[in-house]
Amino acid sequence: MPVPSFSLAEKFSLLAGSLSPDFFLNKTRPMLYRKFKEPEKVHAAVLGEVSRYAKLIKPLSLFFTPSPLLKIRIKGMELVPFGTAAGFDKDAEALLPLSYFFGFLEPGTVTVMPRAGNPEPRVYSDDNNFAVFNAQGFPSKGLGHFKANLAYYRKHKGKKPVFANICGLPVPAIDDAFDQIETLVKELRGLVDGFVWDPVSPNTASLKLLRTAEVFEKTASLLKRQAGNKLKLVKMWPYEQNEKAFFMKLLHSFIDNGGDGVVAVNTKQVKRSAVPAAEWGYASAGLSGKPLKSYRIRSVKAIRDEFRDIVIVATGGIFDGDDAYETFKAGANMLEGFTPYVFYGVGLVRQLEKKVEARLKSDGIDLETLQSKWE
């Protein structure tokens, strides 16, 4: 079925919404839902539209010029540490226009072979609680499509760092996961600045087989061998207090064997009863958005206490600038998001940056100096 085209008025609403988070929330977003009905279709339509009009969108980058106070260095890269989280651009189809707004990009999750994922509908937006529930099951157009889009980004002078979110599936055996990861890294390492390995997606049951110290150790060693000096991160789940020791054990296995850091936290698995949808065809779902705030802050603080010099990318419901600043103070090097931008549009990133800048000025410090105090 062809995707309905955007009228001139709808295109103007998208443009205005990209500059004003409040306009996006109150005007653009309701328009998109009236037109496309389902959250996943809304997201795909918007990504397609911004990709088609990347050249026209580029002048908006003039409104997204961050303060020098926000610039940091990670493994030789200078960047502004506000980026997209995995899932926002699953197949790397909108890298160029997104780079006009964000300081770094995390496309994916990409798998070697194309995957349809679970049957739709598989995403529900809880507008009352600024949360999203999903049971997508790792849909991916595959490595070939992903790599071609990365090559397009580089060919057209895309300069913002890209960290590819990757996964190998342990089917039929765990060794298949390692083979897939190795293939992904070899094929993509010339086009990206780093990798994020995701063994914790709550909607793919086979990934549970990867959550052992042995697998984390072997994957870190594989990444170190194949990715060299590229940034090597692992994505971790929102743990409960009784899971902390196991969480840290796995993270130690990754860091101690060549990993550089962590993305915390992923979506949280919840039961069907927690999904406030009248109809939901799955026994569970992955929860993202504002309800993850306490998990994110707790994880960032605990990880920074345990590891003084690793890279921490914080994600999970960062909707306002004060929360962003407190997350940096808790120990995060970089922040990324998906759900906040689903509700408020890409203009939210500038709002976050401006508030963090104001807090830095008030404290008489820049972000890089603030982060140097952890070491």
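A: Start with a definition: helices are DSSP runs of at least four residues, numbered from the N terminus. The model here is predicted.

Q: Which helix gives the most to the lining of the second largest pocket?

A: H3 does, with seven residues. H3 spans 39-52.

Q: Which other helices supply at least two residues each?

A: Helix H1 (8-19), helix H2 (21-36), helix H4 (54-57), helix H5 (95-99) and helix H12 (339-344).

Q: What volume does the second largest pocket have, and which lining residues are closest to its centre?

A: The volume is about 570 Å³. The lining holds 28 residues, and Leu14, Ser18, Val46, Val50 and Ile57 are the closest to the centre.

Q: How does the lining divide by class?

A: It has 22 nonpolar residues, three polar and three charged.

Q: Now the helix pair. How do the axes of H6 and H7 cross?

A: Read the distance and the angle together. Helix H6 covers residues 143-155 and helix H7 covers residues 174-188. Their axes come within 11 Å and cross at roughly 25°.

Q: Why is H6 called roughly parallel to H7?

A: Angles under 35 degrees count as roughly parallel. The crossing is at roughly 25°, so H6 is roughly parallel to H7.

Q: Is the crossing of H6 and H7 left-handed or right-handed?

A: Right-handed.

Q: Which residues make the contact?

A: From H6, they are Leu143, Phe146, Lys147 and Leu150. From H7, they are Thr183, Leu184, Glu187 and Leu188.

Q: How do the residues of that contact divide?

A: Five are nonpolar, one is polar and two are charged.

Definitions and conventions:
Residues numbered from 1 in each chain as written. Predicted model: local features only at pLDDT ≥ 70, side-chain atom pairs only at ≥ 80, totals over all residues. Heavy atoms only, no water. Axes fitted to C-alpha atoms, helices over the stretch in contact; angles between N-to-C directions. Parallel < 35°, antiparallel > 145°, perpendicular 65-115°, else oblique. Left-handed = near helix turned anticlockwise from the far one by under 90°. Contact = heavy atoms within 4.5 Å. Nonpolar A, V, L, I, M, F, W, Y, C, P; charged D, E, K, R; others polar. 1 Å grid on protein atoms, 1.4 Å probe; cavity = no way out; pocket = protein on both sides within 12 Å on 5 of 7 lines; lining within 4 Å. Points joined across faces, edges and corners; volume = space filled by probe spheres on them.
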